[in-house]
Each structure stands twice: as C-alpha cells, then as structure tokens.
Amino acid sequence: MKVLLTAINAKYIHSNLAVYSLKANCGSYEPQVKLMEYSINQYPEEIFQSLYREKADVVCFSCYIWNIGIVNQVAGWLRQVAPDTRIWLGGPEVSFDVAERLETWHFVDGVMYGEGEDTFRELMACWNGKIDIESVLGIGHRHEDGRVHVHPARDFVNMSRLNFVYTRPEDFKNKIIYYETSRGCPFQCSYCLSSVEKKVRFRDLELVKQELQQFIDWEIPQVKFVDRTFNCRREHSMEILKFIKDRDKGKTNFHFEITADLLTEEELDFMSSLRPGLIQLEIGVQSTNPATIKEIRRNVSFEKLQEIVKRIHAGKNIHQHLDLIAGLPFEDMERFKQSFNDVYALKPEQFQLGFLKVLKGSYEREGRRLRFNLPA
C-alpha cells in the first residue's frame with residue numbers, strides 16, 4: 001500500500017503542518033505514507049506528472065481556498081490516467097460541503113472533514129483491509145453504485161496524544177516551521193473558521209517544552225505558532241515565553257498571533273526584557289471602525305490596542321506585524337482609508353493588508369447566504 005499526502009502551499013517557504021501531523025500520527029502505517037509538497041506557483045501539469053509517477057494506491061489532497069482550483073485540475077487529470085488510484089480530499093475548503101463536493105466532483109472517492117489525525121489512521125486501517133469503512137467517523141465517501149454517504153462527525157482530538165511531527169530539520173532549510181500548542185479560539189470573529197469551534201484545547205506544557213527545546217537545539221531560524229490566539233490563556237503563554245527566554249541560544253525567532261488588548265502589565269514588563277529578535281507578534285486589527293468591529297463580532301478596543309502597540313514599539317526589541325482586512329461590512333473606501341491611516345500611524349515593522357475571504361463554514365458566509373438567499 002502506498003498513500004500520498006499532497007500539499008499545494010501558497011509559497012515555497014511554507015510547509016503544511018496538517019499533512020505532517022497526519023503522517024506522524026497514523027501509527028504502524030506511517031512507512032506506507034509519503035508526503036508530497038508543492039506550491040501554487042508551479043504548473044498544475046508539473047504537479048500532476050510528479051504525482052502520477054509515484055504510482056500510488058491512494059492520493060490525498062489538503063484543500064484550502066488558495067489551492068482548490070489546482071486540486072480540481074490535478075485530481076481530475078489523475079482520475080483519467082490512473083482510474084484505479086483512489087482520490088481523497090481533506091481540509092477546511094471541503095469540510096463544510098462534503099455531500100455537495102462528492103456529488104459534483106465525480107472523480108473524488110472520499111472526503112475527510114474536521115480534525116484528521118484519528119480519521120486518517122482509521123482510513124489507513126481500512127485501506128489495509130483491517131476495518132470496514134462504514135465504521136470510520138468524520139468522512140464522506142462514494143459507494144460503488146455512486147451513492148454518497150456522509151458519516152457522523154468525529155470528536156476533537158486530544159492535543160496531548162499527538163506525536164511531535166518534526167524529525168528531520170534538514171527538510172526545512174529555507175522554510176518556515178509551523179507549530180501548534182492549542183486548537184480553537186475563544187472569540188467569535190465572523191470571517192474566521194476558528195470561531196466555528198466552541199472549545200479551545202491545549203497541548204500539555206511539558207510536551208511543548210520538550211518540542212521547543214528541540215527547535216532551539218536544531219537552531220531553527222523561525223518557528224511560527226499557528227495557535228489562533230496565543231495569549232488567550234495567560235498561564236499557558238507566560239510559561240512558554242519564560243521557557244524560551246531561559247533556553248534562548250540567540251538563533252531562533254518565535255512568531256505568535258496575539259490579541260494585544262488582552263496583555264497585562266506583567267506580560268508587557270516581561271516582554272520588554274526579552275532579547276531583541278527572540279519573538280515577534282502578529283496582531284489582528286482588521287478595522288478601526290466601531291460599527292464594523294461590532295458587525296464582525298470582535299470584542300476589541302482599538303484605543304487600548306494602539307496604546308499597547310505603542311508601548312511594545314517603545315521597547316525596540318519586538319517586531320510587530322499588524323493586520324488589516326479590506327472588504328469588511330460597513331467599511332466603504334473612505335472609511336477603509338481611515339482604518340489604513342490609523343494602523344499606518346502606529347508604524348509597525350510589518351503592515352499586512354488582506355482582502356476578505358468569505359470562507360465556507362464561517363459565520364460571515366452563512367450570514368450572507370441567508371441574507372441574500374444564496375446556495376450553500
């Protein structure tokens with residue numbers, strides 16, 4: 001049995017944490033699984049030829065808004081030239097319309113939805129003839145007669161049971177290492193998929209410390225935490241910050257997404273003592289319009305946020321990355337200019353302007369669908 005976990009990333013420097021975690025947590029089946037990473041800047045024909053040459057039994061694609069068009073092309077071609085190869089999808093772009101996806105993409109055999117580690121391990125057992133596919137939760141699949149069957153959802157994964165996904169640091173030369181210590185988010189931002197989950201779960205801190213020590217020992221240039229709100233539990237975030245300060249070798253930078261107006265005096269004082277370049281902070285402002293903030297269900301005070309950003313900036317030891325989203329409700333061009341100028345005046349080291357993506361599963365998409373009577 002040969003199974004490919006395929007990721008088509010937005011940039012070459014990116015890596016796909018999801019496929020690494022699926023492989024690391026599929027138990028005794030791990031030797032049967034091969035990771036295939038590409039970027040959207042490669043020709044679809046090149047990706048297709050590379051996958052076809054592997055002669056795999058199953059090809060799985062990790063699907064996101066930025067790569068779903070390429071997945072459609074490549075998977076369709078693969079079905080034509082390798083009809084016996086099973087094709088499966090997973091990821092946020094296919095987790096909220098499983099039945100519809102299978103009914104329209106006839107070249108796809110199945111879809112994994114939700115958190116995938118336990119699901120993928122059971123599918124590996126199924127493909128090896130050990131269990132029946134009907135017992136697997138968190139999937140939709142097509143029967144031989146063409147009927148589509150969507151199974152019940154699977155419960156959340158226990159974060160502390162997951163294996164560490166990185167074993168070969170040489171594979172990440174010139175790439176960003178992504179790492180998570182929590183899943184879910186306590187906030188309800190309408191455009192964000194993390195708001196769909198109603199529970200925040202944390203990885204055991206002793207495991208986290210062991211893994212952070214590994215990154216430090218490997219002298220990884222940058223470790224980017226994908227925790228949706230790193231500082232949502234103060235005890236958790238402070239323990240990590242204290243650990244990386246104590247073990248710092250002057251080589252590794254740690255990137256965190258935070259909610260700035262949650263920071264306390266204790267945290268601000270501690271951050272001011274860190275080596276320049278040890279950490280960088282990504283802070284989602286998104287808009288400075290109170291009507292917009294209310295509509296998108298963010299509970300953020302821009303007045304408090306800007307004071308904290310200025311205070312961190314005064315320390316001259318922490319790179320700040322501020323985000324703004326264009327296209328949010330109640331923000332026309334004139335009002336967006338004001339949001340832009342408000343954030344620009346804070347003089348962040350990096351100012352990122354994104355455009356609203358109406359993601360499947362998000363409250364923003366569901367609200368628009370209901371308001372304008374759009375199809376799911």
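In this predicted model, the lining of the second largest cavity consists, by class, of five nonpolar, two polar and one charged residues. The volume of this second largest cavity is about 40 Å³. Its lining is formed by Phe230, Asn231, Ser237, Leu241, Ile258, Leu263, Glu267 and Met271. Two or more of these lining residues come from each of the elements α7 (234-247) and α8 (265-271).

A search of the whole structure finds two cavities of 30 Å³ or more. The largest cavity has a volume of about 120 Å³. It is lined by 15 residues, and the closest to its centre are Asn163, Val165, Tyr179, Glu180 and Arg203. The elements α1 (17-24) and β8 (177-179) each give two or more residues to this lining. By class, the lining of the largest cavity has eight nonpolar, three polar and four charged residues.

The discussion now turns to the sheet. Strands of a sheet pair through backbone hydrogen bonds, either parallel or antiparallel. Here, seven strands form an open sheet with mixed pairing, in the order β2-β1-β3-β4-β5-β6-β7. From one strand to the next, the twist averages 20 degrees.

Within this sheet, strand β4 (residues 86-90) and strand β5 (residues 110-112) run parallel and are joined by two bridges. Tryptophan 88 has glycine 110 in β5 as its bridge partner. Elsewhere, helix α2 (residues 44-53) lies across β1 (3-9), β2 and β3 (58-62), and runs at about 170 degrees to β2.

Note on methods
Residues are numbered from 1 along each chain as its sequence is written. This is a predicted model: local features need pLDDT of at least 70, side-chain atom pairs count only at pLDDT 80 or more; totals for chains, interfaces and linings use all residues. Side-chain values use heavy atoms; hydrogens and water are left out. On a 1 Å grid over the protein atoms alone, a cavity is a set of points where a 1.4 Å probe fits but cannot get out, and a pocket is an open set with protein on both sides within 12 Å along at least five of seven lines; lining residues have an atom within 4 Å of a point. Grid points are joined across faces, edges and corners, and a volume is the space filled by probe spheres set on the points. Helices (H or I, at least four residues) and strands (E, at least two) are DSSP runs, numbered from the N terminus. Ala, Val, Leu, Ile, Met, Phe, Trp, Tyr, Cys and Pro count as nonpolar, Asp, Glu, Lys and Arg as charged, and the others, Gly among them, as polar. Two strands pair if DSSP finds at least two bridges between them. Axes are lines fitted to C-alpha atoms, for helices over the stretch in contact, and angles run from 0 to 180 degrees between N-to-C directions. Contact means heavy atoms within 4.5 Å.
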